[in-house]
Amino acid sequence: MSAEPSTIGSLRRRGLFLAMFALAACDSDSTPIVRDAAAGGSSPGAGGAVSGRDTNKLGPNDRLRITVFGQPTLTGEYTLDGNGVLSFPLIGNVPAEGVTTSQLQKAIAAKLEPDYLVNPNVSAEVVTRRPFYVIGEVLKPGNYSYVTGLTAINAVAMAGGFSRRARKNDFYIRRLAPNGQMVRIEANSGAILQPGDTLEVRERIF
């Protein structure tokens, strides 16, 4: 004898409730979940409008080539430290996190003039961006070199692909918000990552 419609509906509701309960129980991470606009940066496909910090801004561990024309002893490659600070000959530390290369050029030139050089001509270009990270249900979690326009699905491919337990279009992107707080952004496979982001590939329940 087939079950009554009301009984089937009750079982379905109970199953849905248990699935939601399991999802809540598995997500014990206290890192707040925000819309991508609140986290800053450009992440099309992450669930909302975005603004603020993007991949054109410098950050910790970015490596730069800085050229001071006519000054070979000052010209070379430099890496921002963990706080996004550039240590440069003669002028010492220059805060560089969150600024563009053109803004950094002006800051260096301003510190060199007039005590060290007259009308210095400074250029800066990014050699390598800080890495991004992939964790969770992938075959090779770890850190990887960032490339411009990197999507979540590209990052998964670089990390060896999905594990058999992965949710394949349902991720978190962990990112430092402009206020310095670490947040999680709900994202899909087309979301654009930023340098320094961590992509978390979530585990499916069933």
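1. Both R130 and D62 fall in the buried class. Their side chains meet in a salt bridge, with N and O 2.8 Å apart. R130 sits in the loop between β6 and β7, while D62 sits in the loop between α2 and β2, so this pair ties together parts of the chain that are 68 residues apart in sequence. The model described here is a predicted one.

2. The loop holding D62 runs between α2 (36-39) and β2 (63-68), and R129 belongs to the loop between β6 (122-128) and β7, so the contact joins parts 67 residues apart in sequence. R129 is buried, as is D62.

3. A further salt bridge is formed by R165 and E203, where the closest N and O atoms are 3.6 Å apart. This pair also links distant parts of the chain: R165 is in the loop between α4 (152-158) and β9 (166-176), E203 is in strand β11 (residues 198-203), and 38 residues separate them. R165 has a relative accessible area of 35%, which places it in the partly exposed class. E203 is partly exposed too, at 41%.

4. As background, side chains of opposite charge can pair when their charged atoms come close.

5. Next, the sheet. Six strands make up an open sheet of mixed pairing, and their order is β1-β10-β9-β11-β7-β8. Its edges are β1 (33-34) and β8 (142-144), each of which pairs on one side only. Strand β7 (residues 132-136) runs antiparallel to β8, and three bridges join the two. Within this pairing, Y133 is opposite N143 of β8. In general, strands of a sheet pair through backbone hydrogen bonds, either parallel or antiparallel.

6. Helix α3 (residues 101-112) can be checked for length. Its twelve residues, at 1.5 Å a residue, should span 16 Å, and the end C-alpha atoms are 17 Å apart, which agrees. The expected value is 1.5 Å times one less than the number of residues.

7. Which residues of α3 are buried? They are L104, I108, A109 and L112. These residues cover an arc of only 135° around the axis, and therefore lie on the same side of α3. The face turned away from that buried side carries K106 and A110, which are exposed.

8. What do the buried residues of α3 pack against? Their partners are the strands β2, β4 (85-88), β5 (92-95) and β6. Two of these names have come up already: D62 lies in the loop that leads from α2 to β2, and R129 in the loop between β6 and β7.

9. Some totals give the wider setting. The protein chain has four helices and eleven strands. Of its 206 residues, 37% count as buried. Among contacts with a separation of 6 or more, 55% are between residues 24 or more positions apart. The accessible surface of the chain comes to about 11,500 Å², and 53% of this belongs to carbon and sulfur atoms.

Technical notes: Residues are numbered from 1 along each chain as its sequence is written. This is a predicted model: local features need pLDDT of at least 70, side-chain atom pairs count only at pLDDT 80 or more; totals for chains, interfaces and linings use all residues. Side-chain values use heavy atoms; hydrogens and water are left out. Two strands pair if DSSP finds at least two bridges between them. Buried means under 20% relative accessible area, exposed over 50%, partly exposed in between (1.4 Å probe, protein chains only). A salt bridge is a side-chain nitrogen of Lys or Arg within 4 Å of a carboxyl oxygen of Asp or Glu. The arc is that of the directions from the helix axis to the C-beta atoms. Contact means heavy atoms within 4.5 Å. Accessible areas come from the Shrake-Rupley method with a 1.4 Å probe; for residues, only the protein chains shown count as cover.
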